[in-house]
Amino acid sequence: MKPGRTGMSRLFYATGYSIKGLQAAWKNEAAFRQEIITSAILISVTFTLPINKLEQLIMIGSLVLIVIVELINSAIEAVVDRVGSEWHELSGRAKDIGSAAVLIALLFAVFTWFFILVC
């Protein structure tokens, strides 16, 4: 973004960059596509469940969290890959930690859905 943009101009350009990021993730990240499709299906399912609106919001929120963490993980991976193709311990660590964050988000969603639906 160019320095000096303020107000609606800044918001307009920032939104455009965000849309480009979503498009890049969809095009280049199979895990992102899988999580979006699965989330869309599961969000639809929440409308058929005998749960209150707060429980529905929490269940949907746990799915949105997965997508957010996956986007951050994909960004980390892109930066690490940009730095160089040779293996480096720190590069591997960064990718592993990003992947672990996605796993934690997935486990949180499973726990949330289990807790609301079973407990």
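Thr46 is buried, with a relative accessible area of 1% (buried means under 20%, exposed over 50%, partly exposed in between, with a 1.4 Å probe and protein chains only). The model is predicted, so local features need pLDDT of at least 70 and side-chain atom pairs count only at pLDDT 80 or more, while totals for chains, interfaces and linings use all residues. Residues are numbered from 1 along each chain as its sequence is written, and side-chain values use heavy atoms, with hydrogens and water left out.

**Thr46**
- Thr46 lies in helix α2 (helices are DSSP runs of H or I, at least four residues, numbered from the N terminus).
- The side chains of Thr46 and Gln56 are joined by a polar contact of 3.1 Å (a pair of N or O atoms within 3.5 Å; within protein, one must be able to donate a hydrogen and the other to accept it, and residues adjacent in sequence count only if both atoms are side-chain atoms).
- Not counting residues up to four places away in sequence, Thr46 touches Ile51, Gln56, Met59, Ile60 and Trp113 (contact means heavy atoms within 4.5 Å).

**Thr112**
- Thr112 is found in helix α4, residues 89-118, and is buried with a relative accessible area of 7%.
- A polar atom of the Thr112 side chain lies 2.7 Å from the backbone oxygen of Phe108.
- Leaving aside neighbours within four places in sequence, Thr112 is in contact with Ile58, Met59 and Ser62.

**Helix α3**
- Helix α3 has 31 residues and reaches 45 Å from its first C-alpha to its last, close to the 45 Å expected at 1.5 Å a residue (the expected span is 1.5 Å times one less than the number of residues).
- At the N-terminal end, Asn52 caps α3, with a side-chain oxygen 3.0 Å from the backbone nitrogen of Leu54.
- The buried residues of α3 include Gln56, Met59, Ile60 and Ser62.
- Those buried residues pack against α2 (30-46) and α4.

**Largest pocket**
- The largest pocket has a volume of about 160 Å³.
- On a 1 Å grid over the protein atoms alone, a pocket is an open set of points where a 1.4 Å probe fits, with protein on both sides within 12 Å along at least five of seven lines; lining residues have an atom within 4 Å of a point.
- Grid points are joined across faces, edges and corners, and a volume is the space filled by probe spheres set on the points.
- α1 (7-28) and α3 (53-83) each supply at least two lining residues, and the largest share, 6 residues, comes from α1.
- Among the lining residues are Ser18, Asn28, Glu29 and Leu71.
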